[in-house]
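Please look over the model shown here.

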Amino acid sequence: MQEINTDVVEGPQERYQFTWPDKREAIRLANAPIAKTLRLDREKSVGRDGTPGNIDTENIYIEGDNLDALKLLRETYMGKVKMIYIDPPYNTGNDFVYEDDFSQDAGLYAENSGQTDDEGNRLVQNTESNGRFHTDWLNMIYPRLKLAKDFLTDDGVIFISIDDNEQDNLCKICNEIFGAQNYVATFPWRKRTAKSDVPFGVSQDYEWVLCYAKSDAFIASIEGKGRKYYKSPDFPGKEWRIHDLTKQTTASERPNSFFTIINPRTGEEYPANPNQTWRITKDTFEEYDQNHRIVFPGDYDFLRISKPVLRYWKDDDMKKDGENFGKVAVSTKFPEDIGMSKDGTKEITQILGGKYFPFPKPSTLIKFLISIHSSEDDIIFDFFSGSATTAQAVMQLNAEDKNNRKFILVQLPELVDEKSEARKAHYQTICEIGKERIRRAGKQIKEETGTDIDYGFRVFKVDSSNMADVYYRAQDVTQEQMMEMFTENIKEGRIPEDLLFQSMLELGIPLSSPIEEITIDGKKVFSVEDGYLLACFDDKVSDVTITEIAKRQPFYAIFRDSSLENDAVMANFEQIFATYSPQTERKVL
């Protein structure tokens with residue numbers, strides 16, 4: 001009826017918005033609590049020097065759903081990540097593995113999106129390019145990006161690789177989450193050379209890297225050729241450079257800048273070009289000349305100029321540019337050596353000895369993105385890590401510029417195809433491919449450069465909470481079973497290290513913090529960050545142990561409720577800390 005009606009069709013007032021079925025649920029999902037934690041896998045971890053089973057490293061690799069991981073890491077790493085790079089699954093029409101709780105089947109989707117009436121009759125055609133084809137992907141990416149924003153520093157930035165299928169929708173989501181004013185650029189990345197057997201006879205050879213900043217504090221830059229500075233006897237110890245004194249404005253646009261400059265020392269005249277006026281006005285010329293800001297032809301034998309130019313002092317440039325001194329703005333045209341998808345495949349094949357991961361990005365691409373806005377101890381985060389290209393890029397860049405960037409990677413332990421080359425090589429999951437790549441890439445970089453950087457990574461797995469499930473129905477348990485439940489509140493099979501890292505997450509202490517095991521009164525005590533946190537989860541902890549820990553005056557002290565020796569120790573617990581370290585934050589699990 002709307003298509004054939006000649007009058008305005010009645011209905012709700014239209015407004016400009018970007019929405020889809022279950023968007024509200026996607027927003028809720030980002031804030032929904034979870035009863036999970038991260039458990040260290042020491043055997044699969046690698047130390048700073050590449051030693052297996054060691055955890056003296058500041059890099060993190062997490063196996064599990066990235067939505068859970070983002071929620072677990074948010075409090076600890078909020079506002080601490082300088083750069084996020086992600087390469088999420090593209091919506092090519094194939095099923096992807098991130099199926100959250102609100103995914104809908106076709107029938108329910110048609111009902112919620114208004115494609116069927118109350119009797120179930122179809123109202124519109126649901127083509128691949130319409131409706132549900134995009135909805136599941138949008139519901140997957142939205143809560144993850146909403147959480148990701150919280151991780152960025154004020155001058156932080158996120159780069160997202162995407163193809164044509166969802167680029168437009170991804171821009172709309174990012175505009176909503178990060179703000180349209182924080183859109184930086186879209187970088188075109190050439191993934192392949194042109195193919196001939198393609199739809200419409202047009203080969204789509206480019207993908208896109210969307211860039212959004214956390215705020216206007218973000219400034220990108222790369223090493224440039226550098227400005228040419230001069231030294232002259234008239235200004236000893238003060239280097240300077242020259243810059244064009246004209247501007248691309250007409251006489252009618254800037255009448256005050258359309259005048260003839262006269263060299264006060266020679267009387268030579270330099271009339272303004274009516275289509276290219278001076279940068280200064282007639283009123284400010286004298287001030288600039290007195291401050292030695294204008295250089296005339298003939299002032300210096302080494303200069304070949306035919307008209308006046310501006311002089312800029314190197315000290316002023318350094319003060320203005322700060323950390324970006326000597327750097328230039330970044331072009332959206334990637335350098336020629338960035339490489340294509342085939343280069344990423346060649347790279348991982350060379351490292352692992354086989355084509356075990358489809359269409360990996362070349363590390364040169366991610367290394368370039370990292371280089372334009374990171375340095376020193378910055379954290380680089382990738383929660384769709386795939387084959388762990390980001391980890392390799394971080395290590396390569398650190399080896400080149402001797403910085404200490406750290407990476408946090410998250411990857412779902414998705415099973416590889418049973419018929420794939422990876423499965424034949426005994427890789428069961430994508431995580432196994434990624435971790436092995438980091439190990440081998442680190443070893444290769446160390447052998448090639450000899451640089452002493454962090455080649456390790458601590459491996460964690462998303463798992464259920466360490467605390468025992470205390471929910472029950474009265475008819476399902478006996479009184480004796482209830483008493484047993486209340487004697488131990490930690491799940492069976494969980495070890496002290498599990499409790500330590502859960503506590504660190506809850507207290508906002510980075511998972512990469514140095515950890516030392518010490519002995520106090522015969523009990524094992526974890527010392528985190530040189531005594532910032534002291535934790536003891538051994539059995540039969542006495543007053544003596546608690547007193548010795550309190551005397552060390554940690555910021556945090558953690559114990560297990562069931563590990564205290566008796567009720568008397570529990571009664572004296574608070575008094576001991578009140579006596580020796582009243583400022584210590586105490587926690588009993």
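Predicted model: local features only at pLDDT ≥ 70, side-chain atom pairs only at ≥ 80, totals over all residues.

Residues are numbered from 1 along each chain as its sequence is written, and side-chain values use heavy atoms, with hydrogens and water left out.

**Confidence.** The protein chain has an average pLDDT (the predictor's confidence in each residue, from 0 to 100) of 88, and 88% of the residues score at least 70. Contact means heavy atoms within 4.5 Å.

| Residues | pLDDT | Contacts beyond four places in sequence |
|---|---|---|
| 102–106 | under 50 | 14 contacts |
| 112–127 | under 50 | 19 contacts |

**Helix pairs.** Helices are DSSP runs (H or I, at least four residues), numbered from the N terminus. Axes are lines fitted to C-alpha atoms over the stretch in contact, and angles run from 0 to 180 degrees between N-to-C directions.

Helix α15 (residues 543–551) packs on helix α16 (residues 567–580) at about 25°, with axes 9 Å apart. That makes the two roughly parallel (angles under 35 degrees). Residues of α15 in the contact include Ile546 and Ile549; Phe573 and Phe577 are among those of α16.

Helix α1 (residues 23–31) and helix α2 (residues 66–77) cross at roughly 45°, their axes coming within 9 Å. Leu29, Ala30 and Asn31 of α1 meet Leu67, Lys71 and Arg74 of α2.

Technical notes:
Parallel < 35°, antiparallel > 145°, perpendicular 65-115°, else oblique.
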